[in-house]
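Visitor: Hello! Could you walk me through what holds this model together?

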Amino acid sequence: MKIVKIIVASHGTPGAKVAEATALNLARENGASLHHLLVVPDFWKGMKGDDWLNNAVTQFRFGNYVENQLAQEAAEEIDRLAGLAAGKSVSYSHDIQLGKPADCLIKECDAGVFDVAVIGSPRPRGVPGYRSRMALEKLVRGLTAQLIITPHPEQ
Amino acid sequence: MIYTKKHPALLIMGIIFLAIAFLTDTGSMNGLVGYLSVKKFVGEMVGMGYAFGAIGVIVGAWHQWGQHKEGNVDYYLSTIAGAIFILLIAMAVRWYGAPLVAVASKAIGPVMGAKHLHDVLGLNYVVLGILAGIITVNVFGIPAWAENGVRLSRLGLKTGVILLGTLYSLGELASLGRLSAVMVGIFVLGAVGMVLWLGRRRNIPNSMGGVLSAGMGVCGVSATVAAAPVVQAKSVEIAYTIGTILIWGVGCMFLFPVIGNILDLGHIQFGAWAGTGILNSAQVAGAALAYQPDGIETLKVAEIFNITRVLFLPIIVLWLAVWYVRLEETDPGHTVNVGTVIFEKFPVFVLGFILMFALSSTGVFAPAQHYKGKFFDNNIKAEKLLKSGQVATLTAEAGKLKRADRKQAVASLIENKKIMSIEDETVIRGIYNAKILSKGSNKVLKTATKVVRHTAKMIKKFRQWITLLFAFGLTGLGMQITIAAMKQAGGQPLVIGGIVGTTKAVLSLLVILLFVKETI
């Protein structure tokens with residue numbers, strides 16, 4: 001099987017970093033390019049919850065702050081993985097999407113032609129992080145690329 | 001950007017409102033109205049049905065077939081669809097859903113003394129409205145045509161609080177204000193301090209401690225939203241904190257009325273407890289209305305606590321800002337502008353509340369001396385004076401009275417055949433409440449007090465509007481509580497939040513049981 005384009009879904013958690021390493025090694029061995037998909041979970045749209053006391057200025061400031069915070073965290077992840085790819089002489093591209101992880105990965109794979117998609121395995125219980133898991137059944141039903149799921153480092 | 005969506009939904013909702021009004025007005029719904037025992041809502045069904053039905057049909061036709069151009073008209077009229085959407089759900093629950101639950105609950109029979117299941121669980125139109133909102137957003141999602149208007153629920157709640165200002169007397173406001181300042185002061189500062197202390201022991205970052213302490217201490221998600229940028233909280237810390245507070249708030253809204261019913265708390269006691277122990281201010285209002293759906297005495301107490309809490313918010317945010325900058329000395333660019341923090345976080349709607357209270361006190365809406373919308377006026381018609389038989393009944397028993405003030409008040413009543421002053425009225429109420437005289441005499445005394453107490457029509461209208469605004473606002477806020485956000489609860493915030501939230505709720509209940517009496 002010829003591997004030309006690999007997509008890795010990662011937002012820098014320990015599990016996703018294992019997926020990144022696997023994808024980078026695979027890309028270098030096959031001379032393939034690496035596309036990095038970073039998903040910002042859509043639960044952020046409901047994160048003002050039932051706040052009603054604050055005025056518009058405070059709500060606007062909070063919205064801007066969260067957006068900047070998420071953009072900054074995403075930029076850090078992209079810079080980090082771009083650096084790792086450059087270190088291994090792997091061609092790197094990235095995309096940021098807002099939504100549910102599985103939906104976004106399926107959509108990204110539909111938009112570009114990828115041979116392999118690499119993701120980390122779900123975070124074990126008790127390990128800190130967002131409650132925004134990849135819906136595996138939905139993913140395997142909808143994904144057009146071959147899928148590699150790497151084991152979590154704490155398992 | 002054009003905000004109005006070409007969609008028939010608003011038009012359809014308008015037609016539904018008109019149909020409800022027409023069918024109720026013509027008596028076609030009498031069977032249902034009788035079965036659900038909702039005769040008291042018939043006026044609302046007809047009045048609101050025609051009014052909002054007309055608005056829905058006219059604006060809905062414009063949404064569907066009108067020409068939409070960028071600008072204020074487009075922006076403001078686009079919100080009508082969302083507002084009518086909330087209103088339709090809120091009123092469907094108030095007029096039909098909650099009464100149906102009550103009918104089913106009554107069919108089961110009493111479960112706690114004389115109380116039925118829906119009374120004990122507080123399953124009335126407010127709680128069911130919030131639940132309907134939560135189900136709507138999590139199962140179906142908010143439709144695109146309604147998104148812009150759903151935010152109006154906040155305006156509804158703030159308007160409700162502003163109108164609530166008309167219902168307080170000066171003495172009531174002063175007493176409740178003092179009580180709330182003490183309770184909120186102790187428990188807000190205590191909870192903030194406890195979170196920061198526990199946070200240090202459990203080695204959480206200062207930014208996480210800051211945002212969590214504001215949320216747990218002051219007013220839940222609102223305080224988190226206000227404090228997060230100030231303490232530079234990380235995104236995962238915000239997610240954990242808001243998730244924890246939402247779960248806690250929704251849980252408390254259901255749990256507090258049940259505990260209140262078990263302990264048989266009075267309205268003041270429950271309002272004070274909910275206002276201190278429940279984190280999220282929206283759920284404080286929800287729990288208060290759940291506890292007393294047919295009156296707003298509990299809500300009045302709870303809202304004073306809410307207002308006190310929100311007045312604490314700028315102070316706590318400022319404190320956290322200074323605390324954070326002092327601890328995080330490595331970031332020289334982050335400074336605290338005291339004026340900006342106070343100005344931005346100050347809840348402007350509280351000024352509206354104070355203004356309405358002041359206007360009410362001047363007698364614009366009702367005579368200045370009104371209490372709970374009722375005022376004293378003994379300028380009554382001759383046929384309302386005590387009859388000779390009633391005077392004779394009182395004269396025969398007047399000798400049983402020992403206290404001078406009671407003797408004097410009854411003597412004055414006998415002489416004038418009506419109560420002559422508010423002071424006399426208070427004394428006479430004391431006589432029949434103490435059941436010193438016979439049933440016949442007590443009946444005469446009650447009649448005498450009744451004819452000099454009048455209900456202010458404007459205040460009665462305000463009470464009705466307040467109830468509707470809260471039902472509208474809380475149903476709309478329910479539409480903004482997502483399961484995805486609640487699922488973010490976790491990590492150290494869940495542990496620390498659980499400890500501090502439970503401690504605050506239990507200790508505030510103990511204080512209220514020990515020190516708060518049922519009279520203000």
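Guide: Gladly. This is a predicted model, where local features need pLDDT of at least 70, side-chain atom pairs count only at pLDDT 80 or more, and totals for chains, interfaces and linings use all residues. Residues are numbered from 1 along each chain as its sequence is written, with chains lettered from A and ligands numbered from 1 in the order in which they are written.

Visitor: Which residues touch the most other members of the largest nonpolar core?
Guide: Such a core joins buried Ala, Val, Leu, Ile, Met, Phe, Trp, Tyr and Cys residues through C-beta atoms within 7 Å; buried means 20 or more other C-beta atoms within 10 Å, C-beta atoms being placed from the backbone. Of its 180 residues, the ones touching the most other members are Ile6(A), Ala227(B), Ala287(B) and Val317(B).

Visitor: Between which domains of chain B does this core lie, and why?
Guide: Domain bounds come from an automatic or database domain assignment. Both domains give residues to the core, so it lies between domain 1 (9-121) and domain 2 (186-369 + 459-470 + 486-515).

Visitor: How far apart are the C-alpha centres of those two domains?
Guide: For domain 1 and domain 2 of chain B, the C-alpha centres are separated by 31 Å.

Visitor: What is the end-to-end C-alpha distance of helix 6 of chain B?
Guide: Helices are DSSP runs (H or I, at least four residues), numbered from the N terminus. The expected span is 1.5 Å times one less than the number of residues, so the 16 residues 125-140 should span 22 Å. The end C-alpha distance agrees with this, at 21 Å.

Visitor: Which residue follows helix 6 of chain B?
Guide: Its phi is positive, near 80°, and the residue is Gly141(B).

Definitions and conventions:
Buried ≥ 20, exposed ≤ 12 C-beta atoms within 10 Å, placed from the backbone. Helix = DSSP H or I, 4+ residues; strand = E, 2+ residues; numbered from the N terminus.
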